[in-house]
Structure formats: C-alpha cells, structure tokens
Amino acid sequence: MRLDGILAEKIVKRAMKIIGHSVNVMDEQGIIIASGDIRRLRQLHTGAVLALRENRIVEIDDTLAQKWNFEAQPGINLPIRYMGKNIGVVGISGNPDKLKDYAELVRMTAELIVEQDALVERQSWERRYKEEFILQLIKGNLSQQEMVRQAAFFTFSLDLPRVVLLIKLLNPNVENLQHLVNYLEQSGPSQEVAILSLDQIVVLQPLKLFNLDNTLLPSEYLDCGYKVAVGVRLAEAGGDALSLSYRTALTTLDYGLKQHPRKQYYLFEDYRLPVLLAGLADSWQAEELLKPLAPLRMPENKVLLKTLQQYFLANCDPLLSAQKLYIHPNTLRYRLTKIELVTGLSFNNIDDKLSFYLAIVLGI
C-alpha cells in the first residue's frame with residue numbers, strides 16, 4: 001500500500017474540516033503530495049524525512065524551522081502507518097504547543113482513510129477476480145480441477161442449480177452499467193453478477209428463485225431501453241449446466257433481437273427450435289435447404305414472405321392467419337398457392353412444408 005495524490009488529498013480535506021489548520025501529507029520519500037497550501041506541493045519536507053527515518057513524531061517550532069532554512073514550516077509531523085509500516089507522514093501547520101491535542105486525532109483520521117481505501121481496493125480486486133471466474137465458468141473454459149478450486153476460493157456453490165439471464169442495455173454508459181450491477185448484487189445476494197461488455201450483464205440466478213417480475217431491474221430502468229434473455233432452465237447443477245444455459249441465453253437474445261425487436265423478454269422455452277437450429281443458419285446445408293425459397297426474397301414478393309411468416313406464426317391455422325393479416329381467407333389461400341408456384345414447393349408435401357417452416361425459423 002502506498003500513498004498517492006488522490007488519497008493524500010482526501011486526508012487533507014477531511015483533516016482540515018476537523019481542525020481548521022492547514023494540513024500536509026508527505027509520501028514515503030518525504031515529498032509533499034497534498035497540502036492546504038498548494039504552493040508547497042512537490043517540496044521535500046525535512047520534518048517528514050526525520051519522522052520517517054526515526055519513526056517518531058517531529059515537532060517543529062520557529063527556531064528549528066529557521067535552522068532548517070524553512071525547508072519545513074512550524075508544526076507537528078506524524079508518521080502514517082499501515083500494516084506495521086510507515087507509508088507517509090501527515091503534518092499540521094502551526095504552533096506545535098497548540099496543536100498537540102489535534103495531532104493524534106489527525107493521524108487516526110489519516111490511517112482510517114488509508115485502511116478504508118485499502119479495503120475498497122481489495123474488495124474491488126476480489127470482485128474483478130470473481131467476475132473473471134464467472135465468465136470463464138459460463139464459457140466452459142475451466143477444467144474440473146480449476147472449477148472446483150476457484151469455486152471454493154470464491155465460496156461459489158457448484159451444487160446449486162442456476163439459470164443464466166442476459167441483460168442487454170440499448171443505451172449504455174459506464175455510470176448506468178455500474179449502477180445496475182450494484183443494484184443486482186444488492187437486490188439478490190444469492191445471485192451472481194458479471195459484466196460481459198459495456199452493454200451486457202450476465203446474471204446467474206438460483207433456479208428456485210427464478211423470477212422475471214419488475215423487481216429484476218430498478219424502477220428507473222423500466223422506461224429505459226433494455227432486453228432480457230433467459231437461457232435453458234436445467235435441474236442439474238455444475239459448470240456444464242451453466243455453460244449450456246449461457247449459450248442458449250446468448251443465442252436466444254440474438255434471435256429475439258432480430259425476429260422480435262419489440263419484445264422485452266426472451267425465454268429459451270419460447271424459441272426453443274429456432275435457437276437450437278441457430279448454428280445451422282450459416283451452414284452449406286441451410287444454403288441448400290433455402291435455395292428453392294430464394295424468390296421470396298425478391299422485393300415484388302414481400303407480401304408473400306410476410307404471408308408465409310404469419311401462416312406459421314398462427315400454427316398453420318388459415319382463419320387465424322387471415323385475421324392477423326387483415327385479409328379474407330380466400331385471399332390467404334390465393335397467396336399460399338402463389339407461394340407454391342414461385343418456389344416449386346407444396347404445402348401438401350411434408351418435406352416441402354418443413355422446408356417452408358425452417359426457412360421462417362432460420363430467417364429467410
């Protein structure tokens with residue numbers, strides 16, 4: 001632990017509020033790094049050097065200050081200790097006889113600030129390491145031995161079934177991201193949270209506590225742009241189950257954003273087939289499968305493509321499809337016949353009908 005300018009400035013401001021005298025903070029070399037008198041910054045403080053060298057309180061009166069050619073002003077200088085080691089000096093400017101009552105209070109304030117800062121820094125590093133562990137765990141990058149060892153270190157239960165939720169912020173910034181992470185950690189102490197990127201957060205929620213109500217996000221986010229994807233919910237626990245839940249959540253989010261951009265929540269169970277087939281979309285098999293349907297991509301066939309999509313969304317129910325399209329059932333039948341003529345496929349042939357459906361699922 002070492003003093004830097006930011007921490008030293010905290011000590012100066014806090015101490016000066018308490019005692020009303022000018023305060024200096026010197027580093028382990030005796031250089032002034034924060035002061036109530038900015039003209040003294042970066043100067044070598046002779047009293048601080050002596051306090052560090054001899055590990056004692058150094059009082060400087062007018063006579064001693066003059067003897068040192070005013071390389072130190074009258075006042076009291078006390079070593080700042082952390083973990084049994086001197087890391088700097090805090091000095092109070094003024095008549096040392098009048099400052100004795102304040103001296104230990106100021107030193108105590110300085111050391112408390114140092115300890116608090118060290119604790120925050122340690123917690124921050126622990127959080128980063130745990131976050132990295134969570135990310136490596138859900139991505140399946142850890143061996144069984146590494147998984148067990150790190151889980152024990154971070155007191156992470158591998159025996160607890162969890163589901164992975166992905167939160168995507170549509171208008172992200174660092175401040176909002178950090179605020180949301182803090183909220184998620186505090187609102188559900190049993191759930192784990194990690195930042196995937198500036199616009200994505202992953203939440204590992206115990207399966208028995210799974211809930212998608214409005215308490216998942218703070219109220220101020222309800223009117224903001226965000227999407228939530230939920231991976232497969234498995235009764236099994238462990239790294240493999242978490243990795244599968246994460247992969248399905250990731251693919252569910254990608255599919256939902258493309259095919260249902262107006263929705264806010266995407267559950268794997270609602271899009272099981274298209275999510276499971278997502279890996280097929282860019283393959284040569286999919287290219288061959290979709291070749292007969294290429295004419296539907298033409299601008300002049302835009303209405304036919306929309307009709308085909310609504311037909312399958314309505315579970316091939318002609319009346320419901322017609323209602324959703326705001327057309328007469330006879331018009332629907334005409335369009336379906338036109339689709340057969342354009343593609344050369346038939347709705348009465350099971351293989352052809354499957355090709356039609358897969359085309360919609362894969363996002364023709």
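**A guided tour of the predicted model**

Begin at Asn 55, the residue that follows helix 2 and has a positive phi, near 50°. Helices (H or I, at least four residues) and strands (E, at least two) are DSSP runs, numbered from the N terminus. The model is predicted, so local features need pLDDT of at least 70 and side-chain atom pairs count only at pLDDT 80 or more, while totals for chains, interfaces and linings use all residues. Residues are numbered from 1 along each chain as its sequence is written, and side-chain values use heavy atoms, with hydrogens and water left out.

Next, select helix 2 itself, residues 46–54, where Thr 46, Gly 47, Ala 48, Leu 50, Ala 51 and Leu 52 are buried (under 20% relative accessible area, with a 1.4 Å probe and protein chains only). These buried residues pack against strand 1 (23–26), strand 3 (58–60), strand 4 (75–82) and strand 5 (85–93); contact means heavy atoms within 4.5 Å.

Proceed to the aromatic pairs, of which the structure holds ten. Rings of Phe, Tyr and Trp (its six-membered ring) pair if their centres lie within 6.5 Å; planes under 30 degrees apart count as stacked, over 60 as edge-to-face and the rest as tilted. Select Phe 133 and Phe 154: their ring centres are 5.6 Å apart and their planes at 25°, so this pair is stacked. Phe 133 belongs to helix 4 (residues 96–138), whereas Phe 154 is in the loop between helix 5 (144–153) and strand 6 (162–169), 21 residues apart. Phe 133 and Phe 154 are both buried.

Tyr 255 and Tyr 271 form a tilted pair, 5.5 Å centre to centre with 55° between the planes. Tyr 255 lies in helix 7 and Tyr 271 in the loop between strand 10 (265–267) and helix 8 (272–276), so the pair ties together parts that are 16 residues apart in sequence. Thr 252 is also in helix 7 (residues 239–259), and counts as buried at 0% relative accessibility. Its contacts, not counting residues up to four places away in sequence, are Val 230, Tyr 266, Leu 267, Phe 268, Tyr 271 and Val 275.

Finally, display helix 10 (residues 302–313) with helix 13 (residues 350–361), whose axes come within 10 Å and cross at roughly 100°. Axes are lines fitted to C-alpha atoms, for helices over the stretch in contact, and angles run from 0 to 180 degrees between N-to-C directions. Leu 305, Leu 308, Gln 309, Tyr 311 and Phe 312 of helix 10 meet Lys 353, Phe 356, Tyr 357 and Ile 360 of helix 13. Ring pairs link Tyr 311, Phe 312, Phe 347, Phe 356 and Tyr 357 into a cluster.

How values were computed. Buried < 20%, exposed > 50% of the residue type's maximum accessible area, 1.4 Å probe, protein only.
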